[in-house]
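Biologist: I have a structure to look at and would like to learn how to read it, one feature at a time. Could you take me through it slowly?

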Amino acid sequence: MSGLLVSLTAEADLGVCEQLMPMRVETASSDGLPGVAALGQEATAFPLDRPVVDGDAIYLLRGYAWDEFGFPSDVAAATDLVRRMGRSLVADGHLFPDGDNWSGLFTLAALTRHSVHVASDPSGLYAVYCWAEPGRAHVSSHARVLARLVGASADMRGVVQTAAFGYTIGERTLHRGIRQLPAGASARLDRQTGTIAVADHPFLYGPVDEGIPADQIADAIWDDYVDGVRHMTRLPGRAGVFMSGGFDTRLVALRFRSVDRDVVALTIGDEDNYEVGI
């Protein structure tokens with residue numbers, strides 16, 4: 001699935017559109033749900049190329065997911081997993097993968113009669129953008145597609161941030177009123193009020209305990225770093241490090257030497273460049 005665009009408007013109880021590869025889109029009436037557009041093509045296990053209907057709700061998964069039994073072996077198992085994930089998203093207002101019931105790399109959208117629920121996995125691999133106003137709610141995997149749909153003007157703060165840093169800060173985008181969902185977060189777009197309520201992943205964006213001393217935090221970070229180096233040096237032989245000339249790669253090389261590993265440092269640059277001399 002190359003993209004996703006979900007729309008819920010006042011004109012139709014349920015509306016689904018998908019920006020996909022060249023596939024024929026038809027209006028489905030067999031499920032008895034008005035305003036549903038489904039793909040005229042058979043589904044595969046993952047990625048699923050048609051919505052999953054569950055009573056008065058519709059679920060669309062972009063990406064891949066698995067449960068405690070592993071990767072779904074067929075379309076039926078994949079559909080059942082998406083249905084369970086969608087029900088949890090609608091009931092709880094969020095979908096935080098825990099590794100026991102489900103996990104994966106995905107964006108999941110759930111449409112009900114009055115709202116759109118959407119969730120993304122903690123990796124942030126699949127971007128998702130939201131926009132809503134009273135009577136309309138839209139979700140898309142492509143900000144420019146969504147901006148064109150709703151006629152959003154440029155957000156000049158987002159433009160300046162992108163020009164200065166190469167990215168926008170927080171949920172801001174290049175388009176006014178269009179918000180990017182943070183990695184691992186979930187959102188509920190209310191069609192009637194036009195509001196967007198975001199639930200951040202508690203393990204990614206939870207509060208910081210200010211009572212922990214700075215030295216203890218530094219020691220914990222260092223211990224994690226040492227464990228990472230040990231994990232990287234499990235294989236026998238000499239360890240290779242690509243040196244950038246900066247502090248980070250020199251710190252890695254130093255730690256390799258401290259665990260009694262021979263290190264081969266590689267760098268690319270001009271002979272007279274001071275970074276090569278480092």
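This is a predicted model: local features need pLDDT of at least 70, side-chain atom pairs count only at pLDDT 80 or more; totals for chains, interfaces and linings use all residues.

Biologist: How many salt bridges does a search of the whole structure find?

Modeller: The search finds 9 salt bridges. One of them joins D67 to R84, whose closest N and O atoms are 2.9 Å apart. That pair links distant parts of the chain, for D67 sits in the loop between strand 6 (57-66) and helix 1 (75-92), while R84 belongs to helix 1, 17 residues apart from its partner.

Biologist: Is D67 buried or exposed, and how should I decide?

Modeller: The general idea is to compare the relative accessible area with a cut-off, since under 20% means buried and over 50% means exposed. D67 has 13% relative accessibility, so this residue counts as buried, whereas R84, with a relative accessible area of 29%, is partly exposed.

Biologist: Turning to helices, what should I look for along their length?

Modeller: The general idea is that an α-helix has 3.6 residues a turn, so residues three or four places apart point the same way. In helix 1 the buried residues are A78, T79, L81, V82, M85, G86, S88 and L89.

Biologist: Which strands do the buried residues of helix 1 pack against?

Modeller: They pack against strand 5 (52-54), strand 6, strand 7 (103-111), strand 8 (115-120) and strand 12 (186-190).

Biologist: What reaches the backbone nitrogen of A76 at the start of helix 1?

Modeller: A side-chain oxygen of D74 does, coming to within 3.3 Å of that nitrogen. At the other end, helix 1 is followed by G93, which has a positive phi, near 80 degrees.

Biologist: Which residue caps the N-terminal end of helix 3 (residues 156-165)?

Modeller: D155 caps that end, with a side-chain oxygen lying 3.1 Å from the backbone nitrogen of R157. After helix 3 comes G166, whose phi is positive and near 90 degrees. Helix 2 (residues 143-150) has A143, V145, L146, A147 and V150 as its buried residues, and G151, with a positive phi near 70 degrees, follows it.

Biologist: How many helices and strands are there in the chain, and what can be said of the chain as a whole?

Modeller: The chain holds 7 helices and 15 strands, and 39% of its 278 residues count as buried. Its accessible surface comes to about 15,700 Å², of which 54% belongs to carbon and sulfur atoms. Finally, among contacts between residues at least 6 apart in sequence, 53% join residues at least 24 apart.

Key. Residues are numbered from 1 along each chain as its sequence is written. Side-chain values use heavy atoms; hydrogens and water are left out. A salt bridge is a side-chain nitrogen of Lys or Arg within 4 Å of a carboxyl oxygen of Asp or Glu. Helices (H or I, at least four residues) and strands (E, at least two) are DSSP runs, numbered from the N terminus. Buried means under 20% relative accessible area, exposed over 50%, partly exposed in between (1.4 Å probe, protein chains only). Contact means heavy atoms within 4.5 Å. A polar contact is a pair of N or O atoms within 3.5 Å; within protein, one must be able to donate a hydrogen and the other to accept it, and residues adjacent in sequence count only if both atoms are side-chain atoms. Accessible areas come from the Shrake-Rupley method with a 1.4 Å probe; for residues, only the protein chains shown count as cover.
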